[in-house]
2 protein chains.
Amino acid sequence: MSHKNKINPDLVKERSKCSFNTLELTHLIDGGVEKTNERKSRESFFLDDPSLRSKVPLEYLSHKEKYEEAVRQSCLLFRKVQELQNEGKGGMDNFREILGGQLGSAILKDGNPLTLHYVMFIPTLMGQGTVEQQAEWIQKAWSCDIIGTYAQTELGHGTFIRGLETIATYDTKTEEFVLNSPTITSYKWWPGGLGHSANYAVVVAQLHTLGKNHGIHPFIVQLRDEETHVPLPGIKIGEIGCKLGMNSTNNGYLGFENVRIPRTNMLMKNSRVLPDGTYVQSPSNKLTYGTMIFVRVVLVQDAATYLKKACTIATRYSAVRHQSQIKPDEPEPQIMDYLTQQNKLFPQLSACFSFQYAATWLWDTYNNVTGELETGQLENLPELHAAACVLKAVATADAARGIEILRLSCGGHGYMTASNLPSTYGLVTAMCTYEGENTVLLLQTARFLIKCWQNPQSLQSLPSCKYLLHALNNKLPFQKSVNWIISALQKTAAGKIELANRRINERVRKGMAYEDAWNNTSIELVQAAELHGRTLIVEIYLATIQKLKQRVSTELMTVLDQLLQLYAVDTILRCTGDILKFTEVQGRDIDALQTWLEELLTLIRPNAVGIVDSFDFRDEVLASALGSYDGNVYERLLEEAQKSPLNAEPVNKSFKEYLKPFMKAQL
Amino acid sequence: MSHKNKINPDLVKERSKCSFNTLELTHLIDGGVEKTNERKSRESFFLDDPSLRSKVPLEYLSHKEKYEEAVRQSCLLFRKVQELQNEGKGGMDNFREILGGQLGSAILKDGNPLTLHYVMFIPTLMGQGTVEQQAEWIQKAWSCDIIGTYAQTELGHGTFIRGLETIATYDTKTEEFVLNSPTITSYKWWPGGLGHSANYAVVVAQLHTLGKNHGIHPFIVQLRDEETHVPLPGIKIGEIGCKLGMNSTNNGYLGFENVRIPRTNMLMKNSRVLPDGTYVQSPSNKLTYGTMIFVRVVLVQDAATYLKKACTIATRYSAVRHQSQIKPDEPEPQIMDYLTQQNKLFPQLSACFSFQYAATWLWDTYNNVTGELETGQLENLPELHAAACVLKAVATADAARGIEILRLSCGGHGYMTASNLPSTYGLVTAMCTYEGENTVLLLQTARFLIKCWQNPQSLQSLPSCKYLLHALNNKLPFQKSVNWIISALQKTAAGKIELANRRINERVRKGMAYEDAWNNTSIELVQAAELHGRTLIVEIYLATIQKLKQRVSTELMTVLDQLLQLYAVDTILRCTGDILKFTEVQGRDIDALQTWLEELLTLIRPNAVGIVDSFDFRDEVLASALGSYDGNVYERLLEEAQKSPLNAEPVNKSFKEYLKPFMKAQL
């Protein structure tokens with residue numbers, strides 16, 4: 001395959017035009033030269049191992065074969081992780097990367113059936129088990145003597161977990177809990193690895209003891225025999241079937257019929273049930289908040305990673321693809337020279353940085369606040385919660401939308417599995433629903449914002465909301481600056497929150513119950529929360545870039561600043577209706593913003609390939625015929641097609657069986 | 001399966017609340033009682049035939065098995081179509097429905113490998129063949145002695161067909177054409193059925209004769225032996241691999257190495273090559289326009305059909321699903337009671353009607369204009385072309401977006417293949433790219449609009465653009481009426497076209513070439529064309545409803561009018577930035593529009609299930625556990641999961657092979 005040694009001349013040309021040192025940006029993104037080297041050596045450790053690769057591309061396998069191949073790969077993968085650990089090279093830290101969008105999705109392209117063991121089962125044992133429970137379970141789980149999952153969601157209840165129906169009734173006589181699924185809707189549904197992989201689960205169920213329901217609590221339940229893997233009596237279990245994506249995660253269902261577990265299998269770090277059935281309540285419900293927010297940090301980061309992958313693929317393809325004519329009698333230009341194409345690509349490119357920075361900010365805030373929690377200080381938790389909700393909702397929704405724009409920007413070839421864009425979308429659009437459905441999360445942030453608005457004295461101490469105090473009074477003569485954009489967005493967000501609050505009050509005044517007034521205003525509440533989130537992201541982006549100024553070269557800073565400006569301009573141009581309504585911005589200012597956008601696209605154009613090169617994805621991670629470093633798009637597409645088992649024989653058996661008899665039949 | 005006899009009580013309640021006769025709406029949509037009966041009897045003829053059904057749901061099969069099953073089904077399907085024809089029950093007409101979104105996708109859920117034989121191969125023979133060629137080929141094709149496809153798109157060229165690279169060189173000595181693929185990018189890529197199904201193709205290639213290139217022309221090429229199906233010498237052929245959707249269409253690639261065909265295999269109705277190699281040009285290029293526009297009519301209609309399916313699924317699910325609480329201590333409401341959910345569902349519901357009416361209008365216009373063409377009158381062709389481009393682009397993009405909104409509105413369950421929403425999206429998002437990529441189409445409409453703007457005297461005779469003459473001078477004090485919305489949209493569209501034109505001129509004045517100025521203004525040109533298209537759709541919708549007023553009951557008219565209003569309000573609220581900029585509309589008018597939207601959602605709420613019931617999709621057509629008529633969502637999800645081959649055995653072999661050794665290994 002000779003083409004693999006030569007780089008497509010269009011990419012050579014693009015790379016020679018780049019005005020900054022791509023390696024500097026790579027190091028900046030990784031967090032320093034050493035981190036880059038660590039990442040690269042970890043990537044080599046896993047990706048250079050041929051046993052981890054699949055012989056046939058997954059998409060050609062049957063659903064069952066896909067699962068079997070995924071189990072093979074994930075056992076090998078985690079054995080390698082254990083090797084690393086035994087050599088003292090990092091513990092849990094490895095898992096983040098190995099299960100995430102960078103490395104994890106390069107090996108198990110359509111999901112990993114053992115992920116939840118590491119991501120949910122072990123952390124839940126650690127977070128919610130007593131010291132004795134940890135002693136009993138964690139070593140077994142850590143060494144994979146048992147494989148667990150986390151069974152919370154049910155057929156009838158997802159985001160609203162208080163509504164879960166599985167029941168764990170305490171039996172004082174035997175000192176056991178009896179688990180039951182009283183309805184079809186109470187079947188557990190969705191947990192990864194639950195179908196055929198895990199033999200244990202943490203099950204979330206309504207705790208009944210001494211005739212009273214104490215709400216949902218976590219229980220350790222054995223599902224399958226440790227030797228034979230056969231489901232235990234009373235356990236009705238299987239996988240839920242095919243999905244838009246993640247078809248190797250082995251999502252399962254689970255029903256209980258009088259399944260008995262020892263009292264000590266209830267995770268009792270917080271609340272407890274004593275042998276006589278007495279319920280002892282948790283000191284604070286907020287203690288379990290932490291993990292939920294942590295997962296949202298991860299999601300914002302993953303949204304950035306997947307968007308970066310899609311940007312790399314679409315940008316390189318747009319440099320290599322030639323199409324149509326700008327001027328008659330001139331050669332077909334690279335499609336990246338069309339302004340409409342630039343407008344599809346580059347705003348997504350800037351969003352990669354914005355979500356990355358938002359994730360870092362959220363992570364820092366999370367660490368500060370959990371530090372405070374340990375000293376008993378709870379007051380910053382609501383703001384953190386509101387920020388985590390809105391950042392998760394905006395980042396996942398925008399990343400999914402962005403990936404689809406990028407996929408469509410690759411025309412027909414973007415529709416091919418070999419582009420890897422369809423499955424990237426499949427992974428990211430799922431994030432809009434799990435770990436809190438986006439509309440529900442936006443309404444939670446809205447609830448916080450309305451509360452703030454109604455208690456302005458609280459605002460002074462809230463960094464992400466302080467602007468609400470004064471924004472409405474700001475005068476905003478147009479300036480071509482990101483600071484101006486932030487002020488305009490803040491004034492608009494404040495205006496939308498004020499309006500939503502006013503609408504609720506009007507409805508209440510007319511005699512509506514507050515809750516109904518809230519529901520009737522919810523479209524505007526969602527929009528207000530969304531705009532608040534976008535404003536926050538631009539603010540964080542600007543603050544991050546300002547902090548970087550001392551650390552990076554002028555050449556790189558110019559590019560980072562252009563991307564920041566583009567993100568800000570694109571954000572404000574996406575809500576001109578609100579801007580014109582809630583601020584004194586004029587039509588001619590919008591024209592100026594549009595011109596600014598066009599200038600920025602032109603400025604970023606020569607560096608676009610350099611920027612995505614800096615993301616430094618190995619070809620195995622991109623897994624895309626359109627996005628590889630050498631840009632040999634068409635050779636790779638043809639090569640990929642040869643891997644189809646249908647192409648292994650010139651005539652498929654269906655010709656003889658069906659087609660020929662049909663064609664030869666006399667009418 | 002007892003649940004199949006009982007209707008979910010939530011749906012019973014919804015149906016009892018419905019304020020109009022759903023049958024009346026069904027008849028209206030079908031075009032009368034008789035048409036409804038015809039449709040239903042055709043549906044029975046195909047869907048009640050158990051041999052047409054698959055034993056295992058397609059999604060569980062391997063890629064190869066999916067293809068083999070599709071060939072089985074499509075041979076049976078077309079044999080049944082031939083039966084109907086032999087009984088004199090319709091000819092080509094049957095194919096529209098049998099291959100379309102209503103019936104076709106109910107049988108071959110992931111595409112049909114023989115579609116292009118009927119949709120492109122036969123029509124091209126008919127449209128571009130001489131009388132002699134038709135005599136030679138059509139009977140063979142019609143009786144399926146040969147199966148053809150249409151090979152135009154190449155690896156390197158899609159929408160820009162002038163750039164195609166396949167060459168057909170005329171050899172005067174042998175009176176043959178010699179076909180060659182001079183580059184990798186010249187390989188044919190994408191044609192449906194080309195991989196392993198068709199044995200003939202119409203191939204579009206650059207015609208070279210007597211040393212001169214005469215541009216692209218169609219040729220009939222035999223690909224495979226009629227008896228053995230083995231590819232003929234010089235034919236490099238196979239399938240292109242997996243895609244986001246339509247994995248049973250057997251899209252193929254095709255390369256030529258000195259493939260010789262007789263001179264008479266060039267389709268010569270328009271241009272000809274004489275035996276001595278002389279090229280005789282076509283009298284008019286515009287004659288081939290017709291088919292292209294016809295296909296776009298079909299796409300607008302299909303966009304409406306698929307959107308209706310998705311609406312039916314999401315609306316019924318939203319009536320059955322209960323979640324969370326509006327008020328504490330009250331039972332969990334149907335999720336359709338949340339205003340945010342209504343705002344996801346009902347605008348899509350109104351869009352179904354708008355696209356349906358737009359398709360009908362385009363079809364009528366198409367027939368008028370092709371009628372004129374036959375009398376040599378060409379002047380209305382550009383307007384028809386511009387309208388077809390923009391309606392195809394807006395309808396397919398909005399339908400795809402709408403289906404994703406609906407899918408996400410079903411939460412996690414919408415992500416399941418069993419919801420049928422993922423594959424519905426897969427089919428519709430493809431339409432955004434094929435038959436003219438949407439951005440390219442919008443720019444074609446923009447070119448027409450700018451030409452009109454520069455020649456205002458031409459506007460008087462253009463029904464769809466006449467508004468441009470006066471719209472900018474209109475005064476628009478807010479009124480709560482669809483007419484007002486249309487005027488506001490028209491003024492805004494005119495403003496955007498004027499601005500884009502001004503920007504081009506400014507750039508030219510600064511010394512830019514017109515083509516570069518065009519490219520630099522293209523973001524705004526695309527937006528202007530899009531708004532023009534949306535305005536046209538609202539106009540057509542209003543005109544259609546006004547014509548219906550005499551024919552339908554007051555009860556039904558009330559509902560149709562609410563849907564029209566909702567479509568209009570939703571359309572204008574999606575572009576408030578432009579409205580505020582280009583008209584004298586004020587912020588308070590936007591508030592009034594928002595209130596109007598909220599009122600309409602509340603008004604439509606009680607009839608939502610009734611409206612989707614009127615679409616009258618059989619459960620087999622919906623093919624969705626979430627959308628069936630009886631609303632037994634959870635029972636069906638569990639039942640569907642049982643069909644997974646993974647669930648056929650309690651322990652998968654991967655346990656013994658990989659998982660157990662991994663779990664038992666000593667670290």
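In this predicted model, Asn607(A) has a relative accessible area of 5%. Because the limit for a buried residue is under 20%, Asn607(A) counts as buried.

**The surroundings of Asn607(A)**

Asn607(A) is found in the loop of chain A that runs between α19 (587-604) and α20 (608-615). Leaving aside residues up to four places away in sequence, Asn607(A) touches Lys17(A), Cys18(A), Ser19(A), Phe20(A) and Val559(A). With one of these residues there is also a polar approach: a polar atom of the Asn607(A) side chain lies 2.7 Å from the backbone nitrogen of Ser19(A).

**The interface of chain B and chain A**

The report now turns to the two chains. On the side of chain B, 142 residues are in contact with chain A, where 142 residues take part. The two chains bury about 11,900 Å² between them, and carbon and sulfur atoms account for 61% of that area.

Polar links also cross this interface. Between chain B and chain A, 58 residue pairs are in polar contact, with both residues at pLDDT 80 or more. The rule for salt bridges finds 16 across the interface. One of them joins the side chains of Glu598(A) and Arg507(B), with a distance of 2.7 Å from N to O.

Which helix of chain B gives the most to the side that touches chain A? Helix α4 (residues 63-86) does, with 11 residues.

Notes: Residues numbered from 1 in each chain as written. Chains lettered and ligands numbered in written order. Predicted model: local features only at pLDDT ≥ 70, side-chain atom pairs only at ≥ 80, totals over all residues. Heavy atoms only, no water. Contact = heavy atoms within 4.5 Å. Buried area = accessible area lost by both parts, 1.4 Å probe. Salt bridge = Lys/Arg side-chain N within 4 Å of Asp/Glu carboxyl O. Polar contact = N/O pair within 3.5 Å; in protein donor to acceptor, adjacent residues only side chain to side chain. Helix = DSSP H or I, 4+ residues; strand = E, 2+ residues; numbered from the N terminus. Buried < 20%, exposed > 50% of the residue type's maximum accessible area, 1.4 Å probe, protein only.
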